[in-house]
Structures are given as C-alpha cells and as structure tokens.
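Open the model in a viewer and follow the selections below in order.

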Amino acid sequence: MHISSILAGEKKDHNLRVNYLKSRVTNLEQEIDKIQKELPKQTQFYLPGGNVAAAQLDFARTICRRVERRLISANITEKNLLQYMNRLSDYLYALARLVNKQESVEEKVWDSIIKK
C-alpha cells in the first residue's frame, strides 16, 4: 500500500512512506545477511528452481525484477522505492536458496559455456 500510494502521487505523508521504505531496505539487508550466513558462499550462478517453495520464491523474484525495470523505464526516481524493490528481489533469491538447502535440494550450476 505504501508503494501504491507513492506511485499514485499521494502527497499526504509522502515523506513518512519514503522513510518507511528506507527502514524496510535496512531490514531486508539484515535478513539477507542472516540467510547468507547459513548458505555456502556463492561462487557460481545457480539455476532457479529446486523444490516447489523455492521455485515459487524464484517466480516472485522475477516479478520484483520486472517491477524494478518498469519503475526505471517509467522514470520513477524515488531512490528508496528502487532500493526496496532491488533488495526485495535479493531477499527472495537468498530465501529460495535457503529453502532448497533446508530441503537438501542440490543447487544446479548454470553452465555458461555454449555447446555446439
């Protein structure tokens, strides 16, 4: 609702909403740090998916990235809003990796070599 009101141009309490998003960015960063402590260090790109819950988190992350791109293409320059969407997608990615780890699902490495 905060994001919707910012995008709609609602002026009443605009600064409160923006500051709220700023605090949420900090919270997301803290949560990402906690999750990453439980995961092996990432040295490669992993394919999305795994179990159902992880796949759903990856799908949600894809939507967040799409929203982020659309905000930029619509010239929405609210820094905290863009940071929030970026960190939210990072959080969903980390959470998907954690879910897979907890369910003993092996991460599949993306093979960047093009085979003919």
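## Tour of the model

Start by selecting Tyr 20, which is found in helix 2; helices here are DSSP runs (H or I, at least four residues), numbered from the N terminus. The model is a predicted one, in which local features need pLDDT of at least 70, side-chain atom pairs count only at pLDDT 80 or more, and totals for chains, interfaces and linings use all residues. Residues are numbered from 1 along each chain as its sequence is written, and side-chain values use heavy atoms, with hydrogens and water left out.

Tyr 20 is partly exposed because its relative accessible area is 37%; buried means under 20%, exposed over 50%, and partly exposed in between (1.4 Å probe, protein chains only).

Next, go to Gln 83, in helix 4. With a relative accessible area of 26%, Gln 83 is partly exposed. Show Val 25 as well: from C-alpha to C-alpha, Gln 83 and Val 25 lie 6.8 Å apart in space, while 58 residues separate them in sequence.

**Helix 3**

Select residues 52–73, which make up helix 3. Helix 3 has 22 residues and reaches 32 Å from its first C-alpha to its last, close to the 32 Å expected at 1.5 Å a residue; the expected span is 1.5 Å times one less than the number of residues. Colour its buried residues: Ala 54, Leu 57, Asp 58, Arg 61, Cys 64, Glu 68 and Leu 71. They sit on the same side of helix 3 because they cover an arc of only 135° around the axis, the arc being that of the directions from the helix axis to the C-beta atoms. Now turn to the face away from the buried side, which carries the exposed residues Val 52, Gln 56, Phe 59, Arg 69, Arg 70 and Ser 73.

**Two positive phi values**

Move to Asn 75, in the loop between helix 3 and helix 4. Its phi is near 60°, a positive value in a residue other than glycine. Asn 75 counts as exposed, at 63% relative accessibility. Then select Ser 104, in the segment after helix 4. The phi of Ser 104 is also positive, near 60°, and this residue is not glycine. At 68% relative accessibility, Ser 104 is exposed.

**The aromatic pair**

Which residues form an aromatic pair? A search of the whole structure finds 1 such pair. Phe 45 and Trp 110 form it, edge-to-face, with 6.0 Å centre to centre and 75° between the planes. Rings of Phe, Tyr and Trp (its six-membered ring) pair if their centres lie within 6.5 Å; planes under 30 degrees apart count as stacked, over 60 as edge-to-face and the rest as tilted. The pair links distant parts of the chain, 65 residues apart: Phe 45 is in the loop between helix 2 (14–38) and helix 3, and Trp 110 is in the segment after helix 4. Phe 45 is exposed, with a relative accessible area of 60%, whereas Trp 110 is partly exposed at 45%.

**The largest pocket**

Finish at the largest pocket, with a volume of about 160 Å³. Of its 14 lining residues, select the closest to the centre: Leu 47, Pro 48, Gly 49, Gly 50 and Asn 100. On a 1 Å grid over the protein atoms alone, a cavity is a set of points where a 1.4 Å probe fits but cannot get out, and a pocket is an open set with protein on both sides within 12 Å along at least five of seven lines; lining residues have an atom within 4 Å of a point. Grid points are joined across faces, edges and corners, and a volume is the space filled by probe spheres set on the points. Helix 4 (residues 79–102) gives the most to this lining, with 4 residues.
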